[in-house]
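Please read these notes with the model open beside you. They go from the whole chain down to single residues.

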Amino acid sequence: MGSRDRRMVTEMVYSYFRLGHSLKNISKEERIITGLFLTNSKKESILESLHPEWHQEIEKSLEEKLELVHRKFPDFDLLEIFPWKKLLSTGVDHRTYCLSFLERPRIFIRVRPGKEKSVKDKLLRHQIEFQDADPISVLPFKSYSFASATKLDGVFILNREAVIQDLSSQRTALYLKKGDNKTVDIWDCCAGSGGKSILITDLNPGCRLTVSDIRESILNNLKKRFAEAAVPLPEFLKADLTDQNDLPKKMFPILVADVPCTGSGTWSRTPEALYFFDPGSVSVYRQRQEKIVSNIISRLKPQGILVYITCSVFADENENLTAHMESSGKLLIEKQEIMPGYGQASDSMYACRFIKNSK
């Protein structure tokens, strides 16, 4: 296939999955066409060929297009895109969340300290369309967003000048900053791709960072990314956090745990995960998360801070779990929130900041 054909096939597959668990009783072809109609605002040649009536209506608002789909398929129910309303975290609006699957998520970047002018000048020079993702300056850095198909290769120095990082992930900065300038040891327990690890070093200059992951390949990629970001290399630790014997020996005043989860807050980027989701997996993740938190707090100093993070919209992975951990008497919730990504075409995340009791 040529690049145009590959793009179109990708578009059709994503459109099919973006309908989630709604309209499962219609043919695959009808489902693809319906998805293309609801998720596009510009005219597409394939829609013109297969459904010219809808093609003429493609620029209408999403609510108007939903009505047209309902006329054709009276059984269509928007809320069936994500049918597990009772499992959602408090603060997640079910209907708005369902609508978010029909919206293309945007690309977000976080500008590194001291690179604000350089990055903005380069975006303007390359005539890249962008929006200020934080217009009221809640975050302690500049954040920009771009349409999903925007090519940023070669525009700025990746990781050195700016980091590609979802907006809600950037907002965890409000939980990660220490509040003073003292040099401190911080353990990023589930480092993953390293976006938050770099964020931690930017927010807490001079901190002594330890990063861990269960996968050796992830740690190797982290070493490359830290080198690209030109920040001091942390201590790297390969560890299974469900095994007490794998934990570091020393104690830390700050732990950050962006734990493995269903990833349900990111499903607008990976709608196939929504389509194939098994609700039983929530309890599996919940058990693993409880085990991880119970283990790592043994390495947290009294009065130390634990920042617990998920990219999930399920209450059992979020406020239900943190309330359970607080009930153990070892941790006190200082603050917590769900960060819905809908409305800004970003991911949804949850963050909770604990203080470890002295006893």
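The numbered points below cover the chain, its cores, its strands and helices, and some loop residues.

1. Basis. This is a predicted model, in which local features need pLDDT of at least 70 and side-chain atom pairs count only at pLDDT 80 or more, while totals for chains, interfaces and linings use all residues. Residues are numbered from 1 along each chain as its sequence is written, and side-chain values use heavy atoms, with hydrogens and water left out.

2. Overall form. The chain has 14 helices and 11 strands. These are DSSP runs numbered from the N terminus: helices are H or I with at least four residues, strands are E with at least two. The radius of gyration is 22 Å, close to the 21 Å of the globule rule for 359 residues, so the chain is as compact as a globular protein of that length. That radius is taken over C-alpha atoms, and the rule is 2.2 Å times the number of residues to the power 0.38. Along the principal axes, the C-alpha atoms fill a box of roughly 65 × 50 × 40 Å.

3. Buried residues make up 53% of the 359 in the chain. Buried means under 20% relative accessible area, exposed over 50%, and partly exposed in between (1.4 Å probe, protein chains only). Of the contacts with a separation of 6 or more, 70% join residues 24 or more positions apart. Contact means heavy atoms within 4.5 Å.

4. Cores. The largest nonpolar core has 57 residues, and F82, Y97, L241, I296 and L306 touch the most other members. Helix α13 (residues 281-296) gives the largest share of this core, four residues. Another core, of 34 residues, lies apart from it and includes L139, A173, L222 and I355. A nonpolar core here is a set of buried Ala, Val, Leu, Ile, Met, Phe, Trp, Tyr and Cys residues joined through side-chain atoms within 4.5 Å. In soluble globular proteins, nonpolar side chains tend to be buried together.

5. I296. Which residues does I296 contact, leaving aside neighbours within four places in sequence? They are W187, C189, L241, L247, L255, A257 and L306.

6. Strand β8. Seven of the seven residues of β8 are buried, so the strand is largely enclosed by the rest of the structure. Strand β5 (residues 185-188) runs parallel to β8, joined by three bridges. W187 stands opposite L255 in β8. Six bridges join β8 to β9, again in parallel. There D258 has I309 of β9 as its bridge partner. Two strands pair if DSSP finds at least two bridges between them.

7. Open sheet. Four strands form an open sheet in the order β2-β3-β1-β4, with antiparallel pairing. β2 (131-132) and β4 (162-164) stand at the edges with a single partner strand each, so one side of each is left without a neighbour in the sheet. β1 (residues 107-111) pairs with β4 over three antiparallel bridges. I109 stands opposite I164 in β4.

8. Helix α2. Residues 28-39 form this helix of 12 residues, which reaches 16 Å from first C-alpha to last, close to the 16 Å expected at 1.5 Å a residue. The expected span is 1.5 Å times one less than the number of residues. Among its buried residues are R31, I33, L36 and F37. The buried residues of α2 pack against α1 (3-18), α3 (45-50), α4 (52-55), α5 (62-72) and α12 (271-275).

9. S22. This residue sits in the loop between α1 and α2. S22 is buried, at 1% relative accessible area. Its side chain reaches the backbone oxygen of L19 at 2.7 Å. Beyond four places in sequence, S22 contacts R31, F76, D77, E80 and I81.

10. G265. The loop between β8 (252-258) and α12 holds G265. At 6% relative accessibility, G265 counts as buried. Leaving aside neighbours within four places, G265 contacts Y97, C311, S312, V313, D347 and S348.

How values were computed
Polar contact = N/O pair within 3.5 Å; in protein donor to acceptor, adjacent residues only side chain to side chain.
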